[in-house]
Amino acid sequence: MQENIKNTTKPWLNTYPEDVPEFVDVDQYQNINEMFRDTFEKYADKTAFVNMGHSLSFAELKEKSDAFAAYLQCELKAKKGDRIALMMPNLLQYPITILGALKAGLVVVNVNPLYTPRELQHQLRDSGATIIVAVTNFGNNLQQVIDKTSLQHVILTSIGDELAAHKRTLVNFVVKYVKKMVPKYHLPGAISLRRALTDGKRMTLSPPVIEREDIAYLQYTGGTTGLAKGAMLTHRNIIANVLQVFGHFGPRMLKDKEYAVTPLPLYHIFANSVSMMLIMYTGGTNLLITNPRDLDTFVNDLSKYPFTMMFGLNTLFAALNNNAKFRELDFSHAEFTIAGGMATQKHIADQWQEITGMPIIEGYGLTECSPVVAGGIHTQQSYVSSIGVPLPSTELRIVDENGEPLGVGEIGEIQIRGDQVMKGYWKQDAESRAILTQDGWLHSGDIGRMDEHGVFKIEDRKKDMILVSGFNVFPTEIEEVATLHPKIVEAAAIGVPDDVAGERVKLVVVAKEPLSSAEVKKHCRHHLTGYKVPTVIEFRDELPKTNVGKILRRALREQEPS
């Protein structure tokens with residue numbers, strides 16, 4: 001980057017640190033498997049993943065994923081392009097099976113194991129998956145829908161199957177018989193993953209030719225606006241995002257000396273591309289947290305692990321900030337935290353840094369973009385309330401309702417163009433055309449603005465915006481103000497119909513101590529202009545959330561009386 005020359009067409013380039021490239025070579029690898037070839041060789045003896053006290057080296061990961069790929073191809077006769085569903089929480093089985101599936105040329109369909117039978121049926125039917133790998137805990141749900149899908153092979157694994165023999169037996173017994181977490185199911189012909197890996201070792205994979213534009217994942221959106229759609233993410237898309245995030249944050253990372261923590265589920269694209277793929281690419285070690293809501297076990301795992309960085313989101317940070325045992329941990333190795341999935345609230349980020357010493361650097365992305373498109377710069381020493389600047393080889397712009405670009409400081413929809421943008425939605429041509437322009441820009445559905453330095457800030461989701469007497473009200477602002485109150489743990493703002501103003505603001509609150517509506521309104525009036533102040537306050541014990549902990553405003557709107 002040349003000095004003393006101001007870039008006016010891409011002002012964010014003036015904000016990049018000198019060691020962040022403008023472009024990355026996304027075509028240096030033919031497919032995801034090739035991207036990790038050197039990693040497996042260079043770091044063979046190093047620990048790749050840790051879960052429930054057990055470690056998996058890069059050499060073991062390669063051997064087991066090779067065996068799984070061979071089993072899929074030789075025993076199950078799976079062919080390139082066949083869809084395989086993976087339905088499990090963060091376990092060592094996940095990286096083994098996803099890498100094996102990719103080596104065999106299959107298309108991975110990541111499935112949220114907490115799906116209801118209805119949601120599971122839709123995703124399996126829509127994707128046309130013929131193989132599924134699932135944890136036995138969810139066998140009952142699978143049994144209820146399997147006859148209505150294209151599934152031909154079911155591979156089952158128990159929670160503790162990749163642990164050492166003595167611990168495997170104990171964990172699986174406790175999960176099934178003590179905690180009773182495995183409802184009865186009947187899936188005749190189901191295959192044991194342990195048996196598949198054992199048999200696969202004796203088989204030989206004939207690696208298929210995998211092109212850059214071949215689909216790697218059908219990554220389904222959260223379904224917050226209706227039935228979930230499958231974003232077609234190619235091998236090139238995933239490679240691009242790993243290299244883009246590495247180019248953006250790499251100068252701050254410890255590479256092969258990184259000890260990362262991944263509490264977000266790997267079936268979610270942020271954790272998948274960034275937490276898993278990026279750390280693998282650098283030769284780092286990754287602690288997989290199976291159930292981050294079990295804070296006692298989570299913190300206990302952290303106490304035994306010299307973590308240097310963590311991935312997470314606002315609700316997780318808030319929960320850990322309030323955990324006494326977490327605050328007592330040794331943070332001497334901790335360097336920084338990457339946040340995604342939802343907006344991070346500044347007071348939570350500041351408290352997190354005060355406790356851990358780690359600044360939170362926020363990233364922004366969409367499932368349709370593999371997912372990261374922007375992030376705070378790696379030189380940040382504290383939290384900045386913005387989504388930062390575009391990643392290398394990525395463009396962002398703000399447009400009006402007619403798709404015309406807007407200027408500095410003007411508010412409009414964020415559009416994205418880059419090598420990480422999906423091919424389109426699976427079997428949804430009309431939806432694909434609606435979100436992708438002919439010249440490659442993707443409609444984000446997020447409302448934001450860009451400052452004179454090229455730094456972007458999100459105001460809110462377009463569909464979540466509240467219109468009060470013609471004024472735009474952004475729920476994120478209301479929620480951030482509300483949670484400044486010492487008694488409020490979480491809050492969600494939605495619009496409700498009003499005969500005079502069109503809409504008025506309703507605030508749903510989770511409080512840790514007794515609190516009145518009048519107190520909440522008084523607090524909000526102190527920080528907000530009149531039309532933004534909530535007129536309706538509702539108290540709840542908890543808020544509806546997605547599987548990664550993102551608050552579902554849609555669910556709150558749907559619960560309103562019609």
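## Accessibility and the model

A residue counts as buried under 20% relative accessible area, as exposed over 50%, and as partly exposed in between. The model described here is predicted, and this scale is applied to its residues throughout. By that scale Arg212, at 26% relative accessibility, is partly exposed, and Asp27, with a relative accessible area of 32%, is partly exposed as well.

## Salt bridges across the sequence

Side chains of opposite charge can pair when their charged atoms come close. In this structure there are 24 salt bridges, one of which joins Asp27 to Arg212, with 3.6 Å between the closest N and O atoms. Asp27 belongs to the segment before helix 1 (32–35), whereas Arg212 sits in the loop between helix 8 (193–200) and strand 8 (215–220), so this pair ties together parts of the chain that are 185 residues apart in sequence.

A further salt bridge brings together Glu490 and Lys545, whose closest N and O atoms are 2.7 Å apart. Because Glu490 lies in strand 24 and Lys545 in the loop between strand 26 (536–539) and helix 18 (553–558), the pair ties together parts 55 residues apart in sequence. Glu490 is buried, at 14% relative accessibility, while Lys545 is partly exposed at 31%. Shared partners also join salt bridges into one network made of Asp27, Arg212, Arg236 and Asp419.

Glu519 and Lys487 form another salt bridge, in which the closest N and O atoms are 3.8 Å apart. Here the linked parts of the chain are 32 residues apart, with Glu519 in helix 17 (residues 517–527) and Lys487 in the loop between helix 16 (475–482) and strand 24 (488–498). Glu519 has a relative accessible area of 32% and is partly exposed, and Lys487, at 22% relative accessibility, is also partly exposed.

## Aromatic pairs and charges over rings

The count of aromatic pairs comes to 12. Since Tyr29 lies in the segment before helix 1 and Tyr281 in helix 10 (residues 269–282), the pair ties together parts that are 252 residues apart in sequence. Tyr29 and Tyr281 are both buried.

Phe317 and Trp352 form a tilted pair, at 4.8 Å centre to centre and with 50 degrees between the planes. Phe317 is part of helix 12 (residues 314–321) and Trp352 of helix 14, so this contact ties together parts 35 residues apart in sequence. Both residues, Phe317 and Trp352, are buried, and they belong to one aromatic cluster together with Phe307, Phe326 and Phe331.

Lysine side chains also meet tyrosine rings: Lys46 lies over the face of Tyr259, 5.8 Å from the ring centre, and the charged end of Lys229 sits over the ring of Tyr425 at 5.1 Å from its centre.

## Helix 9 and the surface

Helix 9 (residues 235–249) has 15 residues and reaches 21 Å from its first C-alpha to its last, close to the 21 Å expected at 1.5 Å a residue. This helix is mostly covered, with 14 of its 15 residues buried.

Tyr177 lies in helix 7 (residues 165–178) and is partly exposed, with a relative accessible area of 48%. In helix 14 (residues 346–356), Asp350 is partly exposed at 31% relative accessibility, and its C-alpha is 6.9 Å in space from that of Tyr383, although Asp350 and Tyr383 are 33 residues apart in sequence.

How values were computed. Residues are numbered from 1 along each chain as its sequence is written. This is a predicted model: local features need pLDDT of at least 70, side-chain atom pairs count only at pLDDT 80 or more; totals for chains, interfaces and linings use all residues. Side-chain values use heavy atoms; hydrogens and water are left out. A salt bridge is a side-chain nitrogen of Lys or Arg within 4 Å of a carboxyl oxygen of Asp or Glu. Helices (H or I, at least four residues) and strands (E, at least two) are DSSP runs, numbered from the N terminus. Buried means under 20% relative accessible area, exposed over 50%, partly exposed in between (1.4 Å probe, protein chains only). The expected span of a helix is 1.5 Å times one less than its number of residues. Rings of Phe, Tyr and Trp (its six-membered ring) pair if their centres lie within 6.5 Å; planes under 30 degrees apart count as stacked, over 60 as edge-to-face and the rest as tilted. A charge sits over a ring if NZ of Lys or CZ of Arg is within 6 Å of the ring centre and within 35 degrees of the ring normal.
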